[in-house]
Structures are given as C-alpha cells and as structure tokens.
Amino acid sequence: MIEPARFLSDLHTLRGFGAAGVGKGVVRPAYSQADIAARQWLAAQFRDAGLRVQMDAMGNLFGLREGPSLLLGSHSDSQPEGGWLDGALGVVAALEVARACNAGGGPPVSVVSFQDEEGRFGVTTGSAVWSGQLSLEEADALTDHAGVALGDARAAMAQMVTGDIDPSRFTGFIEMHIEQGPTLDASGEQIGVVTDIVGIRDMKITFDGQQNHAGTTPMALRRDAFQAVSSFNTLLNDRLRNVVTPQSVWTIGHVSLHPNASSIVPGRAVFSMQWRDADAARLARMEEIIRETAAEVASERGMQLGYGPLLGLEPVQMDARLQAALCRAAEEVAPGRWRRMPSGALHDATNLSRLMPVAMLFVPSIGGISHAFEEDTDEKDLAAGLDVLFRAVNSLK
C-alpha cells in the first residue's frame, strides 16, 4: 500500500535541493548544480524501489520496471523562482505508487523525471527530444537568456547518462500535477481530472534601432528599441481582442535591452512572445497578428525586425480509458468534490501523447499561485491526489 507520510517526507527532501526564498521556494533550473544533485538523489530512490535507473543524453531520468509498464512522472527542474510542487509532485507521487505496486504485486509501473520542462532552453525540451518532436542537435543549439547553449549545459551531467530509453516499452503515461490556477481552490474541490491541454507557441522577437545619448537625442529622432516593444504590446492587446476567447492568453515575460544603461537610448530589444489556446487554428491566427503588428511597429519606427525559431506544441485531448480510471478513483476518494477540467498550463504529457495514451490529474493550488516561492498545496490534498493516482493505476491491471 502507499504510505502518505513517506511520500510527503520525500517531497520535502526533494525541496531541499535548491531551497530558496520565502515559504517553500525552490531555485532548481535545468542542469544547475541543484538540479543535478536532485537527480542523483532521485536515482538512488528509484534503485531502492527496485527500479532500474537509466538516463538519456538530455538528462531525462527513468526508473524502469522490466517488460511493458505504465509510465508515471513529471519533471523536477524549476522556474528561476519556483515552488516546491511544480513537477516535483508528479515525480515523487509516481515513485510512491511504483514502490507500492512493486512491493504489493500491483501492475508494473515505471517512473520518469523529464529535463527542462520549465523552458530554460525551450518548451518542455527534455520530453520534446525524447518524443521525437525535437532532435538532440536542434536542442543543443538552443540558448537560455544568458546565452548559454543547451549542448554546453547538459555536459554537466554527462557522467550520469546511460543511453536511450525506448518509448514502446510503455503502455501509457499519467502525470499528477498541481493545478497552477485558482479553479479547484476557489470551488473547495480536491481533485481535477484533465480533459485536454492547451497548445502553445513561443518565440523571441528582436527590434534593432539606434543606440544613442539619452540626454542629447531629441525624442522625435530616436529609434528607441524599448519604445518599440511598448508600442507593440499596446497594439497587440487591442488587435487580439476580437480573435481570442476568455481562455486565450499571451505573455511578454522576458525583455533584454542593449546596452541596458540608464543614460543610453536602447538600440536593441530582444523579448519573449508566448501565446496559448486550445484551438490550433486560433493559435495560427494569433501568430499572424503578432507578426503583422511587429512588422508595422518596426516599419513606423525605423527598426530592423528579427525572429527566433518558433517553438510550440499542439492542443492535446486526454485518453478516454485513462481519464475514466482517474474519474472513478476521484469519486471514490473525494465524492462530489472533483471535476473534469482543461489544463491552461503546458505539461510533458503533451509531447508524450505522440507516443502513447496520456492522462493528467490535478490537485489544488492555494490561491491559484504557482511559478512563485509562495506556491503551496494543503498536504491533505496532496495525499488525496496520491490515493486517486494509486487507485486508478491498480484499476488498469
């Protein structure tokens, strides 16, 4: 049987790798020293659970049962300022279920912690490479905001690499996760069974203007790259209004100015542009508007316009059989206190849907907060989610 106390203890131990900030904050970016140490600790737990440990060239860490098995897990890297549960919950819950199934004669369960789900270098990079969405060579050329190439970063864990893991050995994938939104917490519900995951597009946009003196350059003569970003953002919000739905979202989350000095008109601005929606056609229309708006701003302000590679994933429906098993278990554990719901956040399950049936399970996020040090979930809800996962897995024998 599962042991909730052991599960919670493991969660707190994993949080210790990169613990930072207020509350239960974590700083554990992909390929950092904290990330590598966490993966070494997880590998030891996998071995103790009777699983065979393997890691591929990207750093995706697997604990394998022999023969065909159901794959459970998520990721263990974090945002630059993240919380203790995002990704880590799914990995530790998978470990606990695998222990219980292995010890009690349950169905064969394998565990995975995917690498760079949080996008230091791209979009769910580790599972994108493993699923064939992205080649290793393409991934190696990706850079983070500091200009570090993924190929250089992953060299730090080269000694842990054992080789490729064949996806055909797995019968399906279930990912347990915090909701990262306010729905369950606001409604007082304990479990969410995911119906579908939104699609995402992500790229960098560059405006190149003219660096100049901040005191002597008249406003009318400036080719200020940051003013171009500001104008683009204002126009974009207006132009997307008649295209999107209340569930559509778009974000400029990172802006880099050059030379980034208070007395210099910035000559270059490189910024991230990300948008998400459940409809692939709408994602494409949003891209058209984004590019049209950027081109218009560049032309009007005398800017050179550049784009980075367009990264993204398509919207995905969850597998009916796996979803039904989670629904039955949710009603047993939290009768009347669960719901079917879409995921507005992106997950590794999206990539894995190319290879096998997938499903997802949510537990509440207190205050709807995630990707922040304040991220948290009541431990009773964590234990309830573990119970649902365990029951669902056992019903799939």
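Reader: What makes helix 10 oblique to helix 12?

Author: In this predicted model, helix 10 (residues 320-333) and helix 12 (residues 379-395) pack at about 130°, their axes lying 8 Å apart. Angles under 35 degrees count as roughly parallel, over 145 as roughly antiparallel, 65 to 115 as roughly perpendicular and the rest as oblique; therefore helix 10 is oblique to helix 12. The crossing of this pair, helix 10 and helix 12, is right-handed.

Reader: Which classes of residue form the contact of helix 10 with helix 12?

Author: Eight nonpolar, one polar and four charged residues form the contact of helix 10 with helix 12. Contact requires heavy atoms within 4.5 Å. Among the residues that meet are Ala-325 and Leu-326 in helix 10, and Ala-384 and Asp-387 in helix 12.

Reader: Why is Ser-113 called buried?

Author: Ser-113 belongs to strand 4 (residues 109-114). Buried means under 20% relative accessible area (1.4 Å probe, protein chains only), exposed over 50%, partly exposed in between. Ser-113 has 0% relative accessibility and therefore counts as buried.

Reader: What joins the side chains of Ser-113 and Ser-76?

Author: A polar contact of 2.7 Å joins them, where the definition asks for a pair of N or O atoms within 3.5 Å, one able to donate a hydrogen and the other to accept it.

Reader: On what conventions do these values rest?

Author: Residues are numbered from 1 along each chain as its sequence is written. Local features need pLDDT of at least 70, side-chain atom pairs count only at pLDDT 80 or more, and totals for chains, interfaces and linings use all residues, while side-chain values use heavy atoms, without hydrogens and water.

Terms used:
Axes fitted to C-alpha atoms, helices over the stretch in contact; angles between N-to-C directions. Helix = DSSP H or I, 4+ residues; strand = E, 2+ residues; numbered from the N terminus. Left-handed = near helix turned anticlockwise from the far one by under 90°. Nonpolar A, V, L, I, M, F, W, Y, C, P; charged D, E, K, R; others polar.
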